[in-house]
Amino acid sequence: MTTGAKRPKRQTAKRTPPKAPPPWDPSIVVFACNWCSYAGADTAGVSRIQHQPHFRMIRVMCSGRIQPGFVLRAFEKGADGVLVSGCHFGDCHYIFGNERAVEQFEKTKEVVKLLGLEEGRLRLEWISAAEGVRFAQVINEFTDQVRTLGPSPWNGKRQQSVGRAAGQRPTTES
Amino acid sequence: MPELAEAAKKTKAWACYDCGKCTATCPIARVGGSYSPRRHVLATNLGQQREIVENNTLFTCLTCSLCDRRCPAQVTYTELVRDLRELSHGHGVEPECPHGGALQSVMRMMAKGGTQQNRMGWLSQDLKTESAKGQVFYWTGCTMYYDAFFPEFQVKTLEGTRSAVRLMNKLGINPVVSPDERCCGHDLLWNGDRKSFELLAEHNVKLVANSGAELLVTSCAECLRTWKVDYEPFFGAKPPRIVHVTEYLAEHLPDLKFDTDRAAGTGPDGDGSRGPVRVTYQDPCRLGRHLGIYFAPRQLLEALPGVELSEMRRSEAAAICCAGGTWSNCDRFAKQIQVERLREARATGAQVLVTACPKCQVHFRCAMKDPNLGGEIEIEMRDVVELVDQAVGQK
Ligand code: SF4
Ligand code: SF4
Ligand code: FES
């Protein structure tokens, strides 16, 4: 019963809104290929290069794996920005994976445009394993860019009013 | 399991006498898939929810409704599979992400709303439309998304959309084409996501009601089914009349003036070759078996000067579907079904495979990309409306 006793307390603590809303930080999803960009992020880390921390990184074996579904789902789930990264041309571990990545990215961009989302929320960058500084730079730039765009319409924080009022689900069959 | 008992009642699954005709009919089972609709019916009747949810074969069904036709006990398996998918969705089961779930994500984002889509880019200068109010609402469907998403197949579903508007203009109608249209929700509903479907349905019904339109015309067979059947509970006092663009054009056939020279002389590629063009018609499952519209598109094709319709071996109620409806399934069996269907189309000697649903185009064009079979199964694909538009020409 200890958990039962604790729970109401937590809820009340959550419900009181803070006086001034804290400055907004975006949530960004970064897709990085295992051989270059992820290692580039590592380089930034071990060299202790400071950068903004508002992103989650998803490692894939090659940027060629990053199909529109990945990016679109990130947006659907409320990401404010998505960064796709991979090796420089000619450096892809699988030779032409990043060429595929470009094709997929272009397609994704078209769909994102149709949806009416700002293009600035999506970016493609090539970052090698040695480019720790560049990684930090790209992250900082992109984070600032997304911050000025504000929360995405599908970011839960902005999306209180969209849900439909709880009502009876209409039946399909008479 | 109360849900299962209810589904059994609603779809008459209880009446099943285990004859196995549905499985024998099913195009997936016929090309070697181990899919068995009969087993789902049986499991429903026995209340075996775990078997249904965990087995995760539900999304293999094309929902083509062929088995419904053949079932001697009139079990509507297609309705049943939809109910079962809804049940599975509640347990977190999703289709095995064809296209990485990209299209489902797009549809869900539309359901949540919050952005102004840029879906009007396809409207060319010569097309006259209204953006908010009018007598006739032209429901475009998501063809602009398909064309953007499948550039590698040279998908041109927007051509059909443009042709439809052009023809309506020629009939003296400036239809409403709204920038606020959202996905009809067909695929999400058939994937079991009823909540998102309801959001879309409410938005769309309100949009059309506010336009004051008395007639809604659409080129997409799936949108048509959704509007006619699945939106019914959402309609207010005065729902619009809903027709497919082929029905609409067939009604106005006497008013369409065909340019005989142009139509007869132009081959499918516009190469100027003389002589009639032989075409064959693919019945979209939504238009045919789901809604019983077989005649209108054929009536149009037969009326076109210089066009000769030659039917495939399996047509009308027996037609085989494009094996890709609802974006829930794509596997080697789907591919096999598509290849066989394309062979059938080629066997008619037709130069053009005509259809009345943008999705048929997407899926058959994908199958044609096969590097080994390409030459054997390739065939030009057009929408019925495109052919009508071409035949009317400048007149
Ligand atoms: S065809 Fe109808 S009666 Fe026969 S097994 Fe299938 S559902 Fe049952
Ligand atoms: S609806 Fe079509 S694909 Fe699904 S079980 Fe019936 S025949 Fe097979
Ligand atoms: S391995 Fe880095 S892009 Fe292919």
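Glu51(B) is partly exposed, its relative accessible area being 35%, where partly exposed covers the range between buried (under 20% relative accessible area) and exposed (over 50%), calculated with a 1.4 Å probe on protein chains only. The model is predicted, so that local features need pLDDT of at least 70 and side-chain atom pairs count only at pLDDT 80 or more, whereas totals for chains, interfaces and linings use all residues. Residues are numbered from 1 along each chain as its sequence is written, chains are lettered from A and ligands numbered from 1 in the order in which they are written, and side-chain values use heavy atoms, with hydrogens and water left out.

The side chain of Glu51(B) meets that of Arg39(B) in a salt bridge of 4.0 Å, N to O, a salt bridge being a side-chain nitrogen of Lys or Arg within 4 Å of a carboxyl oxygen of Asp or Glu. This pair links distant parts of the chain, since Arg39(B) lies in helix H4 (residues 37-46) of chain B and Glu51(B) in helix H5 (residues 49-55) of chain B, 12 residues apart; helices are DSSP runs of H or I with at least four residues, numbered from the N terminus. Arg39(B), at 40% relative accessibility, is likewise partly exposed.

Over all chains, 38 salt bridges are found. In chain A, Glu110(A) pairs with Lys113(A), with the closest N and O atoms 3.3 Å apart, and the two residues are separated by about one helical turn because they stand 3 residues apart in helix H4 (residues 97-115) of chain A. A further salt bridge joins Arg123(A) to Glu125(A), with 3.0 Å between the closest N and O atoms; here Arg123(A) is buried at 16% relative accessibility, and Glu125(A) is buried at 14%.

Between chain B and chain A, the contact (heavy atoms within 4.5 Å) takes 34 residues from chain B and 26 residues from chain A. The two chains bury about 2700 Å² between them, 58% of it on carbon and sulfur atoms, buried area being the accessible area (1.4 Å probe) that two parts lose on being put together, summed over both. In chain B, Met109(B), Lys112(B) and Thr115(B) lose the most area to chain A, together accounting for 23% of what that side buries. The count of salt bridges between these chains is 2, and Lys107(A) forms a salt bridge with Glu152(B) in which the closest N and O atoms are 2.9 Å apart.
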